[in-house]
Amino acid sequence: MNKKGESIILMIGELLAVIGVIFMTMQIATRFAKSDAVVKLQVVQDMEMMVNALVGEPGDAIVAYPTDVSMFSMILTNEKITIMVKGESELKKAIETFNLPEGFVAQGVVEEKAKVCLEKKKEVITLRECTKDES
Amino acid sequence: MNHKGQFDVARKTIFWMIAGFLIAIIILAFTFTIADYRSKLTYVLPQMKAEFITLRFANIPQCFAYKDDLTGRVYSSTIDLEKFTKERLFSCYHTEPKEGYQDFNFRLVLKNANKEIFTNNYFNKDDFTQFKRVLVKDGDSFKEDTLIVYVQQYISKPEVNPLQ
């Protein structure tokens, strides 16, 4: 191969390498931008604080989560709240734990509902879809 | 290939080895920056988290809030001194016995009543303090007091010596 041919092949290789780097960087940035991970973590932390706030409320109360959370499924139990996108792996679930006073019960499952409410009735905290009046 | 051509190829190979190493570092740094940015976006002040938890101490009868048994009325921000015990605090808030030190733990002090109780995984590591003005019911009298909440935010896991 002559010298000119070699330098063209090298130049094509270099170009491909640069394109590869740009593509990888764009991939990382796009994955981050499209990801629900940040929103999911924010929602789970908000929910945990809402549960603690409801525990500290002497009477009955209802709190509606102010934004659309239809992309998530949520499970509330006595120890934790779990938020996930349907079908995703265990590792990607967002979980926050809390400590309820003795006698308190936390429960509820919501699947891909836009408006979600936390209701406290006596010693029971329930996660459910909001009714039309509540949202 | 002549000597000059071989030298060019070798030079470019070295250049791309160095460039590849630098590019890999840049991509890694970019990934870490995004991860760091993500954790900053989801950061919640521990003081705020603790504030929501400590609401219960002076507000609900299952903790220390005074409840009039005749009327059933709960007096928020009024602490029944009879309830202000370690056992009551355990039923109001306790963390997991084994690894609960990684969670919020509290030392509660009633300043004027001179009483102090703490949660089951509290180890005298006060990260911050909250002050709440309360009334204290002692027998038939109500007195103004300050509930001081010393907050132990987190104790990291102790390192295990593999030789032990």
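Figure 1. Of the contacts (heavy atoms within 4.5 Å) in chain A between residues at least 6 apart in sequence, 56% join residues at least 24 apart. This is a predicted model, in which local features need pLDDT of at least 70, side-chain atom pairs count only at pLDDT 80 or more, and totals for chains, interfaces and linings use all residues. Residues are numbered from 1 along each chain as its sequence is written, chains are lettered from A and ligands numbered from 1 in the order in which they are written, and side-chain values use heavy atoms, with hydrogens and water left out.

**Figure 2. Helices and strands of chain A.** Chain A has 2 helices and 7 strands, which are DSSP runs numbered from the N terminus (helices H or I, at least four residues; strands E, at least two). Along the sequence the pattern is α-α-β-β-β-β-β-β-β. The radius of gyration of chain A is 24 Å, well over the 14 Å that the globule rule gives for 135 residues, so chain A is more spread out than a compact globule. That radius is taken over C-alpha atoms, and the globule rule is 2.2 Å times the number of residues to the power 0.38.

**Figure 3. The two domains of chain A.** Domain 1 covers 1–34 and domain 2 covers 36–129, with bounds from an automatic or database domain assignment. Their centres, taken over C-alpha atoms, are 46 Å apart. Along the principal axes, the C-alpha atoms of chain A fill a box of roughly 85 × 30 × 20 Å.

**Figure 4. Burial in chain A.** Buried residues (under 20% relative accessible area, 1.4 Å probe, protein chains only) make up 35% of the 135 residues.

Definitions and conventions:
Buried means under 20% relative accessible area, exposed over 50%, partly exposed in between (1.4 Å probe, protein chains only).
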